[in-house]
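Dear colleague,

Please find below the structure that I am handing over to you. My notes on the ligand and its surroundings follow it.

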Amino acid sequence: MSIQTVNPNTNKTVKSFEEMTEKAVDAKVEKSQIAFTHWKETSYQQRADLLHKVARLMRIKKLELAKTITLEMGKLLAQAEGEIDLSADIFDYYADHAEAFLGSKILNPEHGSAIIKNSPIGVLLGVMPWNFPYYQVARFVAPNIMVGNTILLKHASIVPQCAAAIEALFEEAKAPEGLYTNLFIPGKRASALVADKRIKGVSLTGSEAAGASIAMEAGKHLKKVVLELGGNDVFIILEDANMEKTVEWAVVGRMNNNGQCCVASKRFIAVEAIADEFIKKFKAKLSKMKVGDPMDPATELGPLSSEAAAVHLEDQVKRSVNQGAKVLLGGKRLNRDGAFMEPTILSDLKPGIAAYHEELFGPVASFYVVKDEQAAIDLANDSDFGLGASIFTEDVERGKKIADQIDTGMVFINHPTWTQADLPFGGTKRSGFGRELSELGIKEFVNKKLIRISGLNDPF
Ligand code: NAP
């Protein structure tokens, strides 16, 4: 796949970038390794000063950076600006809190004394997707720079201008050379790079196939790996849900980022008692969405990230219909240029139908009616994925009991699954392993070193 900006609003190629040669990549890995030998000796204050500078620059350049997101992957401009704010928040948050998360822990062993000290492990490789080009990078990079690690970042090939802009932010903030390095290489070369002895850990956010490829290399070369992969999140509507608010959140949960969030609400499961009311209102709202140019502030749904993504989604819908699914709304590409898909709702989904099992990465909702709460839980857990889930009920205690029975990394009550700087993010099952953000995320690529002090006469 070539590295280029193709505007998904028009499918026209805007700019192409050269793939880096093996020699150029080798030189960059070496610089990152050298940078590590210095960066690991810096104080938390020095690291925090740099991250605050990056955050400040992001806020100053918000509109310019947001426009690049919209140009390259079609996110609505207002949402792109929101992503820059969120990314800057993450840089500021880890600048302010990392030292507390990483502080030494005193243990009380039976004999002598002991401490756990958190130290950096070295050069890390991040492989990131296009769907949140700044946020995905921020949540991996900010905590790890505070740890004292250095970063090689291979971004998705369809967002090269975002990738270059992030590196430029570090340069402008006067980061030491080699601390943060953008690599213009395709996916396969990222997997091959894991073998490099100078790279000590790798984190991938993306598809199962890419995750498996990276994990295989990491396994072969005994490297720590974190994987944030796909999801098929449920949005459960119980009979005691506040229907007006629930329907509003259902639209946001499915359509935010033009339907392309790993934690988008993808499977809407309503209990019988309120299913008709929910689907009527949900369908009415989706059918009125204004689809079009993501730069236009009046637009409510933009294109998918690429023509290939739109072709794949349409194929998933067609296969599902051939296998017995019903189309309650939409179901087709838009009759215009660009990677557009109509807001779509599918129903009558059963095991064996593509949409029952596969992640639908776009504006296509799957609708299910179940008898009761237990049937909703069983259906929620009948998935290979385990990323997020949301439950809508006026009874929070009931919601918490259901949350305990759902097999995902995150469960949100009365809100679609979402993210913020101070909450952990990650999944289970085929959605990956490890966490990003919070105290859990910052300790993924850390040597939790035990230092034991013994009296010379302590027993063996
Ligand atoms: P993707 O094709 O897997 O791409 C993600 C990244 O992996 C890109 O940088 C890509 O590079 C690279 N890549 C592709 N093949 C590779 C390989 N064999 N070895 C190493 N790297 C490889 O995924 P996507 O289509 O961009 O993103 C959508 C998927 O990501 C969805 O499944 C979504 O749910 C998931 N996602 C998960 C999270 C989470 O936190 N759990 C967040 C966002 C997205 P190229 O662009 O050069 O191919």
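In this predicted model, the shell around the ligand divides into 14 nonpolar, 12 polar and four charged residues; Ala, Val, Leu, Ile, Met, Phe, Trp, Tyr, Cys and Pro count as nonpolar, Asp, Glu, Lys and Arg as charged, and the others, Gly among them, as polar. Local features need pLDDT of at least 70 and side-chain atom pairs pLDDT 80 or more, whereas totals for chains, interfaces and linings use all residues. Residues are numbered from 1 along each chain as its sequence is written, and side-chain values use heavy atoms, without hydrogens and water.

In total, 30 residues surround the ligand (a heavy atom within 4 Å of it), and the closest are Trp130, Arg139, Ser157, Ser207 and Glu359. Both domain 1 (3–229 + 431–451) and domain 2 (233–413) contribute at least three residues to this shell, the bounds coming from an automatic or database domain assignment.

Three polar contacts (pairs of N or O atoms within 3.5 Å) deserve mention. A polar side-chain atom of Ser191 is 2.7 Å from a nitrogen atom of the ligand. For Ser213, an N or O atom of the side chain lies 3.3 Å from a ligand nitrogen atom. Lys154 places a polar side-chain atom 3.0 Å from an oxygen atom of the ligand. The protein buries 86% of the 900 Å² that the ligand exposes when taken alone (Shrake-Rupley method, 1.4 Å probe).

With kind regards

How values were computed: A polar contact is a pair of N or O atoms within 3.5 Å; within protein, one must be able to donate a hydrogen and the other to accept it, and residues adjacent in sequence count only if both atoms are side-chain atoms.
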